[in-house]
Amino acid sequence: MAGGAPRVFVSHLSGVAVFDPNGDQVGRVRDLVAMLRVGGRPPRVLGLVVEVVSRRRIFLPMTRVTGVESGQVITTGVVNMRRFEQRPTETMVLGELLDRRVRLVESDEEVTVLDVSITQLPARRDWQIDKVFVRRGKGGALRRKGETLTVEWSAVTGFSLEEHGQGAANLLATFEQLRPADLANVLHHLSPKRRAEVAAALDDDRLADVLEELPEDDQIEILGKLKEERAADVLEAMDPDDAADLLSELPEEEMERLLTLMEPGDAADVRRLMAYEEHTAGGLMTTEPIVLRPDATVADALARVRNPDLSPALAAQVYVCRPPDETPTGKYLGTVHFQRLLRDPPFTLVGSLVDTDLRPLPPTTPLPALTSYLATYNMVSVPVVDESGSLLGAVTVDDVLDHLLPEDWRETELHHGVPGMTDDLPGATRGRG
């Protein structure tokens, strides 16, 4: 483990309070949700099962956890109150791993699992189970307790999926390191039944990333086979502009039902985007660019740019605005490009660095004019403001390219395959278009 990376034994998390950033208690941790992987690789921790005041148990993704300590858990404050339901590929850490009988790989000795520890991967928000605390001997109330020891996850066997295991989990493990576009290629070539199984096994964030890379027909098919509550969760995890594009292709009744199930803030962003014409700046923009107040520092800006969930185009600049910080913002003041952030001291205020030479565009700007703007000024992103000067969002060059290419470009590319990818995919059917 990298120096400084936090490690917590899960037994110490059972029952601890979960707080939002304001210090208000959300609930208490009742379990952790993990996904086992093949080949002895440490399981990924997906999130926490939190019991709220009403005794309802909800799922809190680890991506929304900003701090995990033995005495408390801190969240971003965004909590989905929908009741937690365990999925087939998920394992409850406290409920299913502790007290389990496993074997030490080196000696083949049977041991009992007393605890496991989780650690955060360096420079990422992902967590994984890394160590196992075990006891030798059979133990029990009438037996003498044996020696205890802490070993690496890979030092025990009996947890991980068998290499010959069936189901979507094994297939997903095989393609776990693929980029979303490459995993989309895999899904596109699977049979409809297998595609639905794999989609059901993906976590919400991963499925959202993959959906954004699939042809429209595949998107609609997969979304239609999900339970409505989960479909709403996946739409929330998608970029708002991609979610708006997908929802606009659904029957109006189904679209409204899903929007109603989404979190109000996410649904509001999507509805706002759907109000604009498709091939305009308003219809193409994302509502989640990096927005900073003028009194933020270069260090603050660089910390936001480092977010691994941001696309390179969105991370290339920050937009400086008066409060509020979320779109629609207060008055838009200008842009600070990433290269400028690297040239100035960390304590410098971004308000003193703004580039005001390039004018922002109104949401009604048509696609040809938007394309010319990006090409003329060699930009990868352009701010979109309303009549009052508030920032509504930003259009990135990748979104523009999506609409400049032929409508079936995704399907054509997926049909012919991606360079470096093999055609011998487990469960794939050749020749699907």
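This report describes strand pairing in a predicted model.

Strand β3 covers residues 25-35. Of its 11 residues, 8 are buried, so the strand is largely enclosed by the rest of the structure. In this context, a buried residue has under 20% relative accessible area.

## Partners of β3

Strand β2, formed by residues 17-19, runs antiparallel to β3 and is joined to it by 3 bridges. Within this pairing, Val18 stands opposite Gly27 of β3. The hairpin of β2 and β3 has 5 residues between the strands, and Gly23 in this hairpin takes a positive phi near 90°.

Strand β4, residues 44-52, is also antiparallel to β3, with 8 bridges joining the two. Here Val29 stands opposite Val50, a residue of β4. A further antiparallel pairing links β3 to strand β8, residues 91-92, through 2 bridges. Met92 in β8 is the bridge partner of Val33.

## The sheet of β14, β15 and β16

An open sheet of 3 strands is arranged in the order β14-β15-β16, and its pairing is mixed. Strands β14 (291-292) and β16 (332-337) stand at the edges; each has a single partner strand, so one side of each is left without a neighbour in the sheet.

Between β14 and strand β15, residues 317-321, there are 2 bridges, and these two strands run parallel. Leu292 has Val320 of β15 as its bridge partner.

Methods. Residues are numbered from 1 along each chain as its sequence is written. This is a predicted model: local features need pLDDT of at least 70, side-chain atom pairs count only at pLDDT 80 or more; totals for chains, interfaces and linings use all residues. Side-chain values use heavy atoms; hydrogens and water are left out. Buried means under 20% relative accessible area, exposed over 50%, partly exposed in between (1.4 Å probe, protein chains only). Helices (H or I, at least four residues) and strands (E, at least two) are DSSP runs, numbered from the N terminus. Two strands pair if DSSP finds at least two bridges between them.
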